[in-house]
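I opened this notebook to record what I looked up in the structure. The entries follow in the order in which I made them.

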Amino acid sequence: MSLSRRAFPLAVAAIFAISGSSLQAADKLKLLIIDGQNNHDWKAMTPPMKAALEATGRFTVDVATTPHQKTTGESWKAFMPEFSKYDVVLSNYNGEPWPERVQKALETYVADGGGLVVVHAANNAFEGWPAWNEMIGLGWRGPQFGDRVTIADSGKVVRTPKGEGPGSGHGPQHAYTVVTRDADHPVTKGMPASWMHAKDELYHGQRGPAKDMHILASAFSASEKGGTGTNEPMIWVIPYGKGRVFTTVMGHVGGGDITAIRCVGFQTVVARGSEWAATGKVTLPIPKNFPKDEVSLAPSETK
Ligand code: ZN
């Protein structure tokens, strides 16, 4: 990572803070989406996510696409995203392990202060990559893989040891209520105490080291809807070295159906989460059409 590149916006921010002005448009954050393999419809998912992030005015977005599955030969050798050029990296990838040099480059990037955002099935990836498991905290894994983390109705975080309780899964898709668990974190500050997310998968039984994991929001996984009868984490953050990792397990896209990622709540969470992962602060406002009691979908032109 280029320290000079990261230091510059901080210096600018400090100057403007002193003068009382806000950051200029030229100070857009550089965000890199990684896709290319997924058990989801990543080709339908990346463009509307990119458009929604760019529509905030806060980001410029590039996309790095990996080789296809079972590619042999030179393609993987050419895959080496320049992480250090970016303020934040967003993974929309769930596929074959990256070459070790790419894994090491991402580890170094985040450890040195880079931001990482993990959306939906991106947390299914890389079971055999210890640093990745540390960064995501919880992934789509079997019950033997690691601890499970849920939230009691009181708000208390409950750890279930590995081997006990269910592994990862989800029931049929449905719209569900997301409950804010930390109203003071920069990402969730100002969001309703609870809000209705559009039809999506509700992940349960995620497993992992969950070290230093801080949950920002949860959803109740109802038994009658194929769930676990408890509050499952939906949005969380984890420090990694000097960097910040932001995860949301919401955002299923399959068969071209992008309803879940048209949710204004989801789009706001990803944009503010990305800004926070990049800078540690959030300046993006919560939009007026942010959902509360009912689902709120972004206009179709922005998908
Ligand atoms: Zn899914």
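I looked up Glu-201 and His-252 and found both buried (under 20% relative accessible area, with exposed over 50% and partly exposed in between, for a 1.4 Å probe and protein chains only). The model is predicted, so local features need pLDDT of at least 70 and side-chain atom pairs pLDDT 80 or more, while totals for chains, interfaces and linings use all residues. Residues are numbered from 1 along each chain as its sequence is written, and side-chain values use heavy atoms, without hydrogens and water.

I then listed the donors of the zinc ion: His-40 (NE2), His-120 (NE2), Glu-201 (OE) and His-252 (ND1), at 2.0 to 2.1 Å. Donors are N, O and S atoms within 2.8 Å of the metal (3.2 Å for Na, K and Ca); water is not among the atoms, so sites may look incomplete.

I noted the sequence spacing of the zinc donor residues as H-x79-H-x80-E-x50-H.

I checked the angles subtended by the four donor atoms around the zinc ion; they span 90 to 159°, which makes the arrangement irregular. Four donors count as tetrahedral if all angles lie between 85 and 135 degrees; four count as square planar and six as octahedral if opposite donors are over 155 degrees apart and all others between 65 and 115; anything else is irregular.
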